[in-house]
Amino acid sequence: MVIPVLTAVLQMFPRVSSAELQQTLGSLHSLNESQWSIAKKSKGVTVWRRPSQEFSGFLYKAEGSVAENPQRIMDHIRPGACRLHWDSMITSLEILQTLDQGCCVVRYTTAGQLWNIISPREFVDFSCTSEYQRGLLSCGVSVEHDEQRAGLVRGFNHPCGWFCVPAQDSDLSVLTGYIQTELRGMLPQPAVDTAMASGLLHFYSDLRRALNT
């Protein structure tokens, strides 16, 4: 059953469907391990990659354990003021529309990377958080939005998201993310690959630090 969103927002973003987005993330989550190659590992976090079926770049998968329950972890990850406070990659965040069923439309900007070889980017995403098995899923996809801030390249997130479930026989949670970001602009692919893998490792470090404070 399609999870309803506000009629006005459906008119603005007719292609957005919470159910279809969650189904897409579920299919990514079920991919066999043999279909991934390791991109980077550090401090209990592994990042894999495989060619994206959405664009000419890569789909990245990251997984690691976090010493907290899924609810508190997802409260930090989902769009909102909390995310802006701890995520070093995000420089601004604004909720454009608050919807029903834990969904929203969010605009945010990211910091430059690799000595600004990758300049700051702006994204406008539809985001939805819901229950998933014994934990939670927060997923998103970029949507069209005419207003764009001057001096920023508008990036595009193809279906992406974070699964968080309790680890078996442990007080930890397993956090698994799928990211396929089209940064756009004239960028060398090796720089994009380095930035994406390193950025995901930093994401876990930032999150763990925030949860410990």
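## Charges over rings

In this predicted model, the charged end of Lys61 sits over the ring of Trp48, 5.0 Å from its centre. Here "over a ring" asks that NZ of Lys or CZ of Arg be within 6 Å of the ring centre and within 35 degrees of the ring normal. Arg49 has its charged end over the ring of Phe58, at 3.9 Å from the centre.

## How to read the model

Residues are numbered from 1 along each chain as its sequence is written, and side-chain values use heavy atoms, with hydrogens and water left out. As the model is predicted, local features need pLDDT of at least 70 and side-chain atom pairs count only at pLDDT 80 or more, while totals for chains, interfaces and linings use all residues.

## Aromatic pairs

Rings of Phe, Tyr and Trp (its six-membered ring) pair if their centres lie within 6.5 Å; planes under 30 degrees apart are stacked, over 60 edge-to-face, and the rest tilted. This rule gives 9 aromatic pairs. One of them is Trp162 with Tyr204, edge-to-face at 5.8 Å centre to centre and 65 degrees between the planes. Trp162 lies in strand β9 (residues 156-166) and Tyr204 in helix α5 (residues 189-211), so this pair ties together parts 42 residues apart in sequence. Helices (H or I, at least four residues) and strands (E, at least two) are DSSP runs, numbered from the N terminus.

## A buried cluster member or two

Trp36, Tyr132, Phe163 and Tyr178 form one aromatic cluster. Is Phe163 buried or exposed? Phe163 is buried, because its relative accessible area is 3%, and buried means under 20% (exposed is over 50%, partly exposed in between; 1.4 Å probe, protein chains only). Tyr178 is buried too, at 1%.
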